[in-house]
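Keep the sequence and the 3D view side by side as you read.

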Amino acid sequence: MAEDTTEENEIIKPFWSGVVTFGLVSVPVSLFPATRGTTLRLRMVDAEGSFLQRRFFGTDDSKPLDAEDLVRGYEFEKDRFVTVEDDELDALDPEKSREIDLKQFVELDALSPLYFERAYFLVPNGSTTKAYRLLAETLTREERAGIATFVMRGKEYLCAIIAERGILSAQTLRFADEVRSPEAIGLPGRVKGDVAAVARFAKAIKALKVKTLDHAELEDQRSARIVKLAEKKLRAGTDVVLASPDATEVEESSTNVVDLMEVLKERLQGKLRARRAPAGNARKPATAAVDELKSKSKAELYEMAQSMDVRGRSAMSKAKLIEALAGQGH
Amino acid sequence: MAARAMWKAVIQCGQSEVPVKLYSAIEDRNIHFRVLSRKDKQPVHGAMVNPETGKIVPHAETRRAYVADNGDRAILDASELTALEPEPSRNIDIVAFLPNELIDHHWYDRPYYLGPDGNGAAYFAFTEAIESSALQGLARWVMRGKAYMGALRLHQGYPLLMSLKLSDEVVAVENLEAPGGAVLNPKELDMARQLIGMLAAELDLSAFQDAYRDRVLNLVKAKAEGGPRLKLVKGSPKKPSDDLERALHASLKSARKSA
């Protein structure tokens, strides 16, 4: 059982923000992961079903430590540590901490599979997407990837900047000294296979040949089995803790888990994620805000709805407009 | 220096078997930090806490909960989850052979070399048959309690098993929409093409070294010896190019000069 449980609410923040440069052109971007955990999220609970949180504790203290009480440490001798602050790590190479400087462009298919490590999407920052689109379009046309190193969270990464369907991604690559060759492993020299045995394998390969990849093969069967068991328990009512009537807890358990895809979709279109409305009917808009809205004319309300991109605004009555605007935190 | 095998297995391909040993094709060279408490500079330990009571819940008393959309929770205990784990096996089952281009970097997870276990007769015959087929195998196996899918292909003449991500884990670029905006200026596109052409190179990853790793090690060494705190250099962030055409023009000029 791997640690695939989330104890805390997930908030999707960029992994890195800075600029991609080629020549003197700079493209402000943020990096978001292109992979996510499996969709199944099991929460840690106690025997009564209350949600638990992971906290950190010091050696002598029984009080949990807050984030500002924690610091990164390096063990330079057994049980002896030095602390390392984020600003010290950034200062080791300030340029690479905020810049991905593409110094060379290589053919896309020259990259060996062994080197690929992780993938991040680049979303444009700043007022214009022109430089972003120019780089994406040129990389696509030339079938090339830009290569650079940059520093993110205390580590230097080698990366290839690739364009697909007008979207830029950074594929982090392993450094040459992180990849082993067959010789380094100590694999024996190739010898000629027995002709009959080769023919037998060739026949087996032919028999198993298909023309497409069946994506069902890559489905998460483990999660599916767990969901099946859990749904069965929910139907039968065994080992079930019903949702607490306390609305805040429901909100915490569902609404803060924001789908990565949703964040990417919005950020690629240059939108910052708006605060999500609480789950379902949970919260009544604050009366003062509603009163303020009531004092406005319908035309004024409509104008506000337009600026806030409220969907279906043209068909709304004054009361509906107030409701929609109040829900937007106005 | 020969590497140690991490697992022994038998490839099942049709009616034939190939005994193999599995080796990691990559090496972890990251610097590992620990989380310390600021107060005494000693490592911290994590524990699960009930936020209502503030009490630590020992690991043995924790359960997992599946939370339905309406907030209802189904409690699962460790034995139930273990029962759902795949049967242990030594087999690497080849389920299909398919063209190489059908599985690309979006799916790659971790690469492993396969070496012969025993005299290698089947191993080398199998390797040769894959080579002449120009196909890759799609493999399924269970290692240390976890089920894997992988692509089996040759790398530098040896079988390489690349474990693959699950479909839920990959955000498909097909589901996203590229940033929009005004049509790009053909002149700027042409300059960008020229610039990238001038910076075109043969791939040589050995030319890129992780120099930062050494800097981090030097930093911690200096701090361990009680040296003065380093002066922190802060550069100013680059200004984004407002005038794209001018930036491209200047780039081309300086690239020509250094060529």
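Helices (H or I, at least four residues) and strands (E, at least two) are DSSP runs, numbered from the N terminus, and two strands pair if DSSP finds at least two bridges between them. This is a predicted model, in which local features need pLDDT of at least 70 and side-chain atom pairs count only at pLDDT 80 or more, while totals for chains, interfaces and linings use all residues. Residues are numbered from 1 along each chain as its sequence is written, chains are lettered from A and ligands numbered from 1 in the order in which they are written, and side-chain values use heavy atoms, with hydrogens and water left out.

Let's begin with a hairpin in chain B. Strands E1(B) and E2(B) have 2 residues between them, and Gly14(B) in this hairpin takes a positive phi near 60°. Strand E1 (residues 7-13) of chain B has 5 of its 7 residues buried, so it is largely enclosed by the rest of the structure; buried means under 20% relative accessible area, exposed over 50%, and partly exposed in between (1.4 Å probe, protein chains only). The table lists two strand pairings of E1(B).

| E2(B), residues 16-24 | antiparallel | 7 bridges | Glu17(B) |

Strand E3 (residues 42-45) of chain A pairs with strand E6 (residues 63-67) of chain B in the antiparallel sense, over 4 bridges. Here Met44(A) stands opposite Arg64(B).

How many residues does each chain bring to the contact? Chain A supplies 164 residues and chain B 159, where contact means heavy atoms within 4.5 Å. Together the chains bury about 15200 Å², with 64% of it on carbon and sulfur atoms; this is the accessible area (1.4 Å probe) that two parts lose on being put together, summed over both.

The count of salt bridges between chain A and chain B is 14, each being a side-chain nitrogen of Lys or Arg within 4 Å of a carboxyl oxygen of Asp or Glu. One of them joins Glu178(A) to Arg213(B), whose closest N and O atoms are 3.8 Å apart. On the side of chain A that touches chain B, helix H3 (residues 130-142) of chain A gives the most, with 11 residues.

Finally, a look at chain A as a whole. Chain A has 11 helices and 13 strands, and buried residues make up 44% of its 330 residues.
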